[in-house]
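Let's take a friendly walk through this model together. Have the sequence and the 3D view open as you read.

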Amino acid sequence: MNIGQVIKDARKQKGQTQSEFALSCGITQTYLSQIENNSKEPNLSTLKVISENLDIPLPILFFMSLNEEDIAPEKREAFAIINPSVKSFINEFFRDKI
């Protein structure tokens with residue numbers, strides 16, 4: 001799971017610096033940097049605030065961050081088939097956000 005990269009990409013799409021976005025989320029820029037670099041794992045309430053400030057539902061952030069390794073081995077083939085289409089649809093729907 002690479003939720004940090006998804007958050008970083010969405011933040012940049014909004015045209016916000018780490019400092020600006022961190023301030024709007026009520027966290028420090030250092031903590032946001034650690035989240036975006038996947039060196040710190042935020043709690044659910046922090047992720048909820050981040051998703052609200054990105055205008056992207058939290059389940060969408062979770063889905064966009066999934067890697068093949070996150071999927072059960074017996075379901076990876078199906079995931080590989082549907083993942084590009086679903087991510088493309090999500091990107092189109094949230095074009096200005098992700």
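The report below covers a helix contact, an aromatic pair and a pocket.

## About the model

This is a predicted model, with local features needing pLDDT of at least 70, side-chain atom pairs counting only at pLDDT 80 or more, and totals for chains, interfaces and linings using all residues. Residues are numbered from 1 along each chain as its sequence is written, and side-chain values use heavy atoms, without hydrogens and water.

## Helices α1 and α3

Helix α1 (residues 3-13) packs against helix α3 (residues 29-36) at about 120°, and their axes are 7 Å apart. Helices here are DSSP runs (H or I, at least four residues), numbered from the N terminus. Axes are lines fitted to C-alpha atoms over the stretch in contact, and angles run from 0 to 180 degrees between N-to-C directions. That makes α1 oblique to α3, oblique being whatever is left after under 35 degrees (roughly parallel), over 145 (roughly antiparallel) and 65 to 115 (roughly perpendicular).

On the α1 side, G4, Q5, I7, K8 and R11 meet L32, I35 and E36 of α3; contact means heavy atoms within 4.5 Å.

## An aromatic pair in α6

F89 and F93 both sit in helix α6 (residues 76-93), 4 residues apart, about one turn of the helix. Their rings form a stacked aromatic pair, 6.2 Å centre to centre with 25° between the planes. Rings of Phe, Tyr and Trp (its six-membered ring) pair if their centres lie within 6.5 Å, and planes count as stacked under 30 degrees, edge-to-face over 60 and tilted otherwise.

## The largest pocket

M1, I3, I35, N38, K40, E41, P42, L47 and F62 line the largest pocket. A pocket is an open set of points on a 1 Å grid over the protein atoms alone, where a 1.4 Å probe fits, with protein on both sides within 12 Å along at least five of seven lines; lining residues have an atom within 4 Å of a point.

Conventions:
Helix = DSSP H or I, 4+ residues; strand = E, 2+ residues; numbered from the N terminus.
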